[in-house]
Amino acid sequence: MLSQADLAAYRRNGFIVLPDILSTAEVEALRRVTDEFVHNSCNVGANDDVYDLEESHSPDEPRVRRIKAPHLHDPEYARAARHPKIVEALRDLWGTVRFDTGKLNMKSAGYGAPIEWHQDWAFYPHTHDDLAAVGIMLDDCEIGNGPMMVIPGSHRGPIWDHHGPDARFCGAIDPARCDLDFSQAVPCLGKAGAITVHHVRAVHGSATNFSGQQRRFLLFQYRVADAWPLLGFAAGMEKFHQLLLAGAPTREPRLVSVPVRLPLPPAEYQGSIYENQRAAGRRFFETAGERERLAAAE
């Protein structure tokens, strides 16, 4: 499925965008389920095991910024996590494939929250770095509605510190304490049904969606069969093997000398990356609240 050009681009840049992976019918089914979840969130008043809510969420105007582990809550999401074209692409990349987990990041029109620059590797280091996240575009991802942006080649660079002013993990890179050139970041653009594949060490983030178009981005994490999480796997070996999508199970993790910074001490605000990044200190991306405050001050 992946061409030699795709493989070369992934290895060079740390990410690729593949068009037309999910059909229109598959995307519509995922949208319908997502709309139901957003509607049902009107009965939820605070973040829980399913929902991460925007600060402006209310029963009359439900505003969801993330559905956590969606594959555990509806079969449509579970099917998407094991979509044969996604598994095929990852097999071309690695040979073996094991599922990890997922989330659905919602960027609603006009206020969808940003995600500060970070590396996924900072959250879940393994015995080697053959890991990637696949993002399924449920809406057209355009330059104005907060698409994911990736700094090409950053997956081959250092692991940046993701700790806040209090020295606790915060899930964000301080833009003033690194020499990354954020102007080189490339937006991952595409039509609904396209996917992105980005390396676990690639530096990426996304701005607030100030446009009139929503941007729903379904993200699933995958790893090679012989990658073992350094922080352990609480569910045990049997469950770990059940997550295998391609290749043979193994009890022999591959050990590679890769840079690691453990996400410890744990974040002050536990939960999703949105909660972790509340303690980040300096920010790169403007939030909806900041824009409103600046407008009121003028």
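**Figure 1. Aromatic cluster of Trp117, Phe182, Phe284 and Phe285.** In this predicted model, the side chains of Trp117, Phe182, Phe284 and Phe285 belong to one aromatic cluster. Across the whole structure, a search for aromatic pairs returns 12 of them.

**Figure 2. The aromatic pair Phe99 and Tyr222.** A pair of aromatic rings is described by two quantities, the distance of the centres and the angle of the planes. For Phe99 and Tyr222 the ring centres are 5.5 Å apart and the planes stand at 65 degrees; because an angle over 60 degrees counts as edge-to-face, the pair is assigned to that class. Phe99 belongs to strand E4 and Tyr222 to strand E11, so the pair ties together parts of the chain that are 123 residues apart in sequence. Phe99 is buried, its relative accessible area being 4%. Tyr222 is likewise buried, with a relative accessibility of 1%.

**Figure 3. The salt bridge between Asp100 and Arg223.** The side chains of Asp100 and Arg223 form a salt bridge with an N to O distance of 3.6 Å. Asp100 is placed in strand E4 (residues 97-107) and Arg223 in strand E11 (residues 215-223), so that this pair links distant parts of the chain, 123 residues apart. Both partners, Asp100 and Arg223, are buried.

Figure 4. Asp139 and Arg216 meet through their side chains in a salt bridge of 2.6 Å, N to O. Asp139 lies in the loop between strand E6 (131-137) and strand E7 (149-150), whereas Arg216 lies in strand E11; the pair links distant parts of the chain, 77 residues apart. Asp139 and Arg216 are both buried. The two residues also take part in a network of salt bridges together with Glu28, Arg31 and Asp35. The structure as a whole holds 17 salt bridges.

Figure 5. Glu76 and Arg79 form a salt bridge in which the closest N and O atoms are 2.9 Å apart. Both residues lie in helix H3 (residues 75-81), at a spacing of three residues, or about one turn of the helix. Glu76 is partly exposed, with a relative accessible area of 23%. Arg79, at 51%, is exposed.

**Figure 6. The surroundings of His118.** His118 is located in strand E5 (residues 115-118). With a relative accessible area of 4%, His118 is buried, because the cut-off for that class is under 20%. The side chain of His118 is joined to that of Asp120 by a polar contact of 3.3 Å. Leaving aside residues up to four places away in sequence, His118 touches Phe123, His162, Gly171, Ala172, Ile173, Ala202, Val203, His204, Ile273 and Gln277. Two histidines, His162 and His204, are among these contacts.

Figure 7. Leu230, Leu231, Val260, Leu262 and Leu264 make a nonpolar surface patch of about 410 Å². Leu262 is situated in the loop between strand E12 (244-246) and helix H6 (273-276). The relative accessibility of Leu262 is 39%, and the residue counts as partly exposed. Leu264, a member of the patch, is joined to Pro265 by a cis peptide bond with omega of about -10 degrees. Pro265 lies in the loop between E12 and H6.

Figure 8. Most residues other than glycine have a negative phi, and most peptide bonds are trans. Asp20, which is not a glycine, has a positive phi near 55 degrees. Asp20 is found in the loop between strand E1 (15-18) and helix H2 (24-40). Its relative accessible area is 61%, and Asp20 is thus classed as exposed. Ala167 also has a positive phi, of about 70 degrees, although it is not a glycine. Ala167 occupies the loop between E7 and strand E8 (186-187). At 47% relative accessibility, Ala167 is partly exposed.

Key
Residues numbered from 1 in each chain as written. Predicted model: local features only at pLDDT ≥ 70, side-chain atom pairs only at ≥ 80, totals over all residues. Heavy atoms only, no water. Helix = DSSP H or I, 4+ residues; strand = E, 2+ residues; numbered from the N terminus. Buried < 20%, exposed > 50% of the residue type's maximum accessible area, 1.4 Å probe, protein only. Polar contact = N/O pair within 3.5 Å; in protein donor to acceptor, adjacent residues only side chain to side chain. Contact = heavy atoms within 4.5 Å. Patch = residues over 30% accessible without salt bridge, like charges linked within 9 Å, V, L, I, M, F, W, Y side chains within 5 Å. Areas by Shrake-Rupley, 256 points an atom, 1.4 Å probe, with all protein chains shown as cover. Salt bridge = Lys/Arg side-chain N within 4 Å of Asp/Glu carboxyl O. Phe/Tyr/Trp six-rings, centres within 6.5 Å; stacked < 30°, edge-to-face > 60°.
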